[in-house]
Structures are given as C-alpha cells and as structure tokens.
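Hello,

Here is the structure for you to look over. My notes follow below it.

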Amino acid sequence: MKFKLLCSAALVVLLLAAFTWQHTAAKDGTTCFTCDGLSGLEKIVCLADDFKASLTSAQISTLELAYNLTNAAKWSNLPVTLASRIGIRFGDLSADQLVKAKALIAAAMGKGANEGYDEAQQLWAADQYLSQNGGGSAYGSGQYYLAFLGTPSTIGTWELQTGGHHFAVANTYSGGVMTGATPSFRAVEPFAAFQSGTNTYQPMLQERDALAAVLASFSGAELATAKLSTTYNDIALGPGKDWQFPTIKSGIKCIQLSTTQKEKVIAAIRTYVEDIDSVNAAAYMALYTAQLDETYIAYANTTALATQKDYIRIDGPRVWIEYSVQNGIVLSPTHPHSVWRDHLSDYGGLGNPNVATNNFQTFSGKFEIFPNPSTGNSQVEVALENPATLQITVYDAMGKKVGTDLAYNVTAGSHNFPMDLKGVPAAIYNCILTVKNADGTVSRASRQLSKI
Amino acid sequence: MKKRLVFIVCLTWVSQLWSHPMPNTLIDLRLSSHQLVFDLKIPLLDVETAVFQTNPVSDGHAGLPMQVFMEQYFSKHLQIKGLDGRLWPVQLIGLDTIVASDPIMGNFQELHLNFRVNPPENADARLFLLYYDAIMHQIVTHQAILSIGQDWENGIHASENATAKSLAVIQVDPTNGKVLPVAVNLEKGSIWKGFLAMFRLGMRHIAEGYDHLLFLLLLVMVAPLVSVRQRWDHAGGWRFGCWRVIKVVTSFTIGHSLTLVICSFGWVQFSSRWVEVAIAVSILISALHTIRPLFFQREVWVAGGFGLIHGMAFSNTLRSLALENTQLLWSLLGFNLGIEAVQLGLVAFLAPVLFWLSETRYDHFLRLGVGGTGVLISIYWMFQRLF
C-alpha cells in the first residue's frame, strides 16, 4: 500500500515535471518557431523584434537610432578604433543575444556559398585572424556593430545597418519592400586563404576572379578603351562619398561587348548582388541585366587585380561596383577594398540630391548678392561657420542654367566671389546656393537677382 | 616624444573625419604679418606614382636638379591668386624627406617642401584662392588636408597644437574629376592676441621646465643662510633673506632675458645640446652649493651667469617659430613676462616657507635632502643630454 502510494506520487511528480519542461520549452521556442514560418521582410522584422526582446532598454536605445543620412553614412573601411560606428557592438552582447543578432543578419542576407551571410561570417573570421596575427585588439570578430535606423516594421521606413572593419551592409526597407541594398562594402585582409578553426576561407576570391575574368576576356583594343589614365589607391566612392557618382561614365560601354563577355560582366555583378536575399537579388539582377548595354567597364593599372593600384569599376545607369587593390596594412602583400552602390537606391534614396522630393535643410547663414539689380558685375557674399564646399548656380525664368557655376572649397568665415553677368540678357534670375558640409549634409538657399 | 604624440592624435582625428586609410598630404599654412609659408608633407610613394612613374617622358626629372624639377612641377600644381585674380609669387625655400608615423600605416617616408608666398603690397594676405592639385591630378583618391599651423596674430602656433585649425580638405570631386580651388579667409587677429598667446607660452614653458624650476628652488633655498667657515651656519633673518632673494632672482632674470633676446634674433647661436648640458651643470653646482657654500656672497653673479645659459634654452622655443621682427619683439616681451609671472609667483610662495624652515632645526636635513636629490637629478640629466 505504502509502496503504491509512493509510486503514484513519483509518477505525478514526474508527469508534472515533464509538462512544465515541455511548456517552458514551447514558450522559449514560440518566437523562433513563428519566425521560422515567415519569409522575407516579415521574417526579418520578426527576428529583429525577437532580438530586441532579449535586450535591456539601455541596449535598445544604443541599437535603435534615428533614420537619417548622418546616421546612415556612418560606415567605414577603417577599424572601429579609428572610425567609430553606431549601434550595438557584438562584443557587448551575451551569447544568446549574439545568436539572435546573427540570426537576423542571416535572414537579411543571401544564402549562397561564399556570398551573403556565409561571406559575412568569413569576413568576421578574417578580422579575428587579423587580430591574432599582428593586428591586435583594434580588430576581431567582436568589433562589429548592428544598428536599426528607425523601428523595424513591415510598413514603415527603416535601415538595417551592420558592419565594422572591412564590412558594411545597409538594407533599407519601406512600405513592406526592400528599397535599398547599398552601399554594400566588402574588403578583406588577408586576401589570401587563411585558416579559421578547421575551415579555410578566402571570402573575396569569387569577386576578384569574376571581375578579373571580365578584363581577361577583353581584346587589346577593348582594354585600351577601358583603361583609365588616372591612378586609384582606393575606391573612389568609399565611406563619406555618398551620391558622388561621376556625371560622365568612363571606360568601355558593354554594348560593344560579345554575349560571352556580357555574361562575364553579369557574373561579376552577381557576386555582389547575391549578398542580399534571393528574391530582391533577382530583382536587382533583372534591372542591371536590362541596363547592361548602357553599363561601362573601366580599369586602372594591370588587369589581374592582384597588384597594388589595380582597379576596376562597373558603372551602369543604376549599378556601381568598384574593386581596388592596395597594400596590406597588417599583413603583406595586398588587400582589396570593394563597394557595391546603386545610383538611385543607396540608403533607399536617402539624401539623393537628384531627387526633387528630397528636402534639404535651408542654408541659414549669410548669402547676399550685391549690387542687385546688377549691371553685369556683382559680388556674392557667403558666410559659413565650418569649412564646406559650395556651388552657386544661376537659372533663368525657364529653369535653364545660365553661365558657369561658381564652385569653391571654402574655409570657415565670410567669402566674396565675383559674379559675372555681362553676357546675359536683362531679366530676373534665380541664384541657388548649395553648401555641402564635411559630414555629407547638404543645405540650400536661393536668391532672386535682376540684371538690368 | 610629445611632438610625435600630437602628430598621431592629429592624424587619428583626420582619419576619423574622412575615413580614409591611405596617408594623405598635410599642408600646414604659416602666416606672419605679410608672408605665407606653405609646409607640405607628401607620402613619398605617392610622389613616385603621381610624378615620376606615370609620365616618365613629360614629367620625369631627367637631367634637372630635384630643386628645379620640383619648382617646375609645383608651379603647375600650387598656385595662389588674390581676390583681384592676380597670381602671387611662390618660391620653393625648402626640400627634404622625412619619416612620418601613422597609427595604422606605421612608418613611411614623406617628401617635405616649404613654399614661401609673398602677397603684393596692397593685398590682404589672409584672403586668397588656393589652386592645389599636386598628386591628385593623377591619384584621384589622394587628398590634402589644409590646416593653419601658425598665425601669430591669432595666437596659433605649432607648439600649441590644440588651437591649430583645419581649414579644408582638398580632394577630387568624383562627380566631375575636378579639384575645387580653396577660398581662404583667415580670421583677423591682433598684436594683443599674439602677445597674450606668447605670455601663456612663456608661463607654460617654465611651468613644464622642471630643470628651471629646480634651479630656482635651489637658489632660493640658501638665500636666507649665512656661511661661516665654509659651512652654512645660521639663518640671517627675513630682511637679509628677502633682499638676497630679490637680488638673485633679478640677476637671473637679467641674465636669461639678455640671451633670450640675443639668441631669438639669431645674432648668436649655440648648440642646443650643449646648452642643455650646461643647464644640468648649473643645477649640479647650485645643488652642491646648498650642501656646502661654494659661492656665498657671490650668488648674484652666479645667478646672472647661469641666467645667461637658461635664456639660451628659452630662445629655442621662440626661434622655432621663425617670426619676423615686430612679432618677435612682442613675442619676446610676452614670453619673458610669462616666464617672470610664474617665476615670481613661485618665489612668493616658496620663499616664506623656506625662510620659516631655515629657522627650524629641520633645516639641515631638508637642505641635504633637496641638495642631494638635485645633485643626483642633475647628473642624470647631464648624461641623458650628453648621450
């Protein structure tokens, strides 16, 4: 009797324990299970919320920041000790939090071998290798950051920003779709294969090989057309060089290439575009392929993309890819820097000066033209608090540009520039002042000027 | 060491702002009343690439002496125009190579050039357009950071780097491949501002110059004492002490002011290494004097003589600024008054304390302690400065 009672009690306890265990397990797994069932942006937002749920409120305030160009532009090729990043640092997360952060990044990136998330993991490993082989504590896989610019949502506008040394991802989402996949910066030191645990990685080999294959397919005449006379020590549109695409494209136009050559160009573009999820990658590839005939290939130095100062650029109506070989910083001999940008959708279009709907700050400093009305010779006076570059453009009533722009790099303080209107007919003109500050922000002001 | 640190800090700031790992050209602008000096530091590797390798035929310095070749190259890539559109004459006055250090690039060689620019008589030297595109006409990813290294009338000079101001970053505009001219407008300064900065420099110079401070302490320490039979015997009273301190400090001041003026104008020059050694010797002798009187009653002459040596050391700071005469005169006055202010403040504080101590029975131990320490430190300095 006593024995039976004991057995029942034991059974009850056992069952209760099992139930509780299963219950907690189910509870833990709930969000994960739910996110697993989702796809696309819904899954990304679900994982972002899951990650946020694991953070303290102080951590969330570090992670979640305002969506603006100043924050969006804070990526760099440099180690984090030399150019500070925003967001939350991998090294400051608990193991559990880091798993969630990486799950989110994985969902936002492509799944192919050596591309997307796989490439990201290899780049983190490369920095860890660099840290242990002479680079020191400025480098390492803990020195990467994740930030949300805006609140992750399937409706609103926000950017998933992640990066650190040699790595930058800027995925922008708005109204339920991806509106920007760039600037997407990739670089690696060492370029050569390196050992990480039991694995051997060479994360940028596919990119280099695909780009070098394009140049290798060129004839002597094609190479001559594609060659740039200037020298590149680095990529031209690195960090801080947003919306500065050359107005005139250089190199050889792809319409002049054979189908096989064009396929090589597409293959090279693919090694960048497929760093994002397959659905959006397909959309970008379709766009870039459709525009391929209008796309230019240019290079500098030698074609193998293996020695210092070797450089290649793919510049289309929308696509912009650069790859530059420079000296090793910690390890010999060389290492590449590379970026994929988009002429329209960098940062989801944030700060694009060619989009009329973008609101610029109004320039509030002194901007005067005298004498006004002008008989031909006037002076423009502009006063600035910080160094900046400025441009003054004169438009007629029809919105047509008149004369040549005044463009200067100016020191802080007050400046006078002569404005020559001798050749233009008597009328009322609109003078637009554009001031570009060192931090990339742009402000504008306009003044009316009569010529008599 | 300090200089190097400042340089590193400066570079770090620059990289942070511009997120560019390659070493850049640094252009330091030094302004005196009516003359500009551009101090250029260009990574030698980039000079090789942009100047010698890329256009070996048209730009190679075949046959030309380097000085002439560089003059020709920069006549195309460094131009200065006044507001009236006229070019200002630019003259290459210095050319050498130096080794620079960067936190991520390590050590690398730089081409170091000095250009002197003399604005026309009626032009405002603070207002001009700088057309600069050396190196970046070829290496389009290169950039030059223009900052103001010395502007006496605004109290800006190299030894007070915190006030050095970045003026502009010169770089190729990727949209059109052009380099914009820099419109420079430097804030107007004044003699008063320059004078004040020199006063502060003088104060800082002596406050940081432990050797001068130690020398002063040793002199004041024995001022109230009377020597009897080659020994420090007893305190001669406050009146006696005060009078002697005044005489010693005044004599020291006259001495160092004299050589400060003479050496700052460059009339006489001494090797700064031997001056530094001589200062250590002066401290050694003064330290020995606190233990056993060596020149009792002749302190005034000794202080004046050692003052001459210390003044030579003070003058190094001013000479390194390479000022022209009017500014140098005001600088001498400001700098010297700054030194005096700290010196007097210190003596006013130390003398009463030391006088009071000299009348207690601890005087003997204190003197031996300070004097002994002075001997050891000065011998250490002597060897350090000799080798």
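A residue counts as buried if 20 or more other C-beta atoms lie within 10 Å of its own, as exposed if 12 or fewer do, and as partly exposed in between; C-beta atoms are placed from the backbone. Helices (H or I, at least four residues) and strands (E, at least two) are DSSP runs, numbered from the N terminus.

This is a predicted model: local features need pLDDT of at least 70, side-chain atom pairs count only at pLDDT 80 or more, and totals for chains, interfaces and linings use all residues. Residues are numbered from 1 along each chain as its sequence is written, and chains are lettered from A and ligands numbered from 1 in the order in which they are written.

Chain B, strand β1 (residues 25-32). Of its 8 residues, 6 are buried, so the rest of the structure largely encloses this strand. Two strands pair with β1(B) (pairing takes at least two DSSP bridges). Strand β7 (residues 143-151) of chain B runs parallel to β1(B), with 7 bridges. There, Arg30(B) is bridged to Gln150(B). Strand β2 (residues 35-43) of chain B runs antiparallel to β1(B), also with 7 bridges. Leu26(B) has Lys41(B) as its bridge partner in β2(B). β1(B) and β2(B) make a hairpin, with 2 residues between them.

Chain A, helix α9 (residues 259-273). This helix has 15 residues and spans 20 Å from first C-alpha to last.

Best wishes

Definitions and conventions
Expected span 1.5 Å × (residues − 1).
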